[in-house]
Amino acid sequence: MSQSQNFTLSEAGYVLGRSPATLNKAVDTGIIQARQRKVGNIIQRLLGRAELRFLRLADELEKDLTPAGRRRLYGALRNLPDDAHKLQLGQLQLDLAQIDNV
């Protein structure tokens, strides 16, 4: 999945095993940011690579990270180059290839 590839909330929900309503709530509460695309009279919310990676990691690390830690993790993922497969965040090192292949 490349940075320029975006998924609708329905598509992302299918990939992540979550409902589009849950993803909508995550966007509405500011946990993640969505891009927008106008299709006819409808505005679609789109999630990119950073958002999908974050949501997968958040499930695994939810109990281990504070809300501030999750925000730092999301920010680091948004700034990560497309071809990066490792993330170093302080003492935390994550192998993103494992979650990209799920």
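## A hairpin, a helix face and a core

Strands S4 and S5 (residues 92-95) run antiparallel to each other and pair over 4 bridges. Bear in mind that this is a predicted model. Across the pairing, Gln-88 sits opposite Gln-93 in S5. The hairpin that S4 and S5 make has 2 residues between the strands, and Gly-90 in this hairpin takes a positive phi near 65 degrees.

| Residue | Where | Phi |
|---|---|---|
| Gly-90 | hairpin of S4 and S5 | near 65 degrees |

Now for H1 itself, which covers residues 9-16 and has Leu-9, Ala-12, Gly-13 and Leu-16 as its buried residues. Look down the axis of H1 and its buried residues fall within an arc of 105 degrees, so they line one face of the helix. What do the buried residues of H1 pack against? Their partners are strand S1 (7-8), helix H2 (20-28), strand S3 (42-47) and helix H3 (49-61).

On to the largest nonpolar core, which holds 27 residues; Leu-47, Leu-73 and Leu-77 touch the most other members. The elements giving two or more residues to this core are H1, H2, H3, helix H4 (67-79), strand S4 (86-89) and helix H5 (96-100). Which element gives the most to this core? It's H3, with 7 residues.

Note on methods:
Residues are numbered from 1 along each chain as its sequence is written. This is a predicted model: local features need pLDDT of at least 70, side-chain atom pairs count only at pLDDT 80 or more; totals for chains, interfaces and linings use all residues. Side-chain values use heavy atoms; hydrogens and water are left out. Buried means under 20% relative accessible area, exposed over 50%, partly exposed in between (1.4 Å probe, protein chains only). The arc is that of the directions from the helix axis to the C-beta atoms. Contact means heavy atoms within 4.5 Å. A nonpolar core is a set of buried Ala, Val, Leu, Ile, Met, Phe, Trp, Tyr and Cys residues joined through side-chain atoms within 4.5 Å. Two strands pair if DSSP finds at least two bridges between them.
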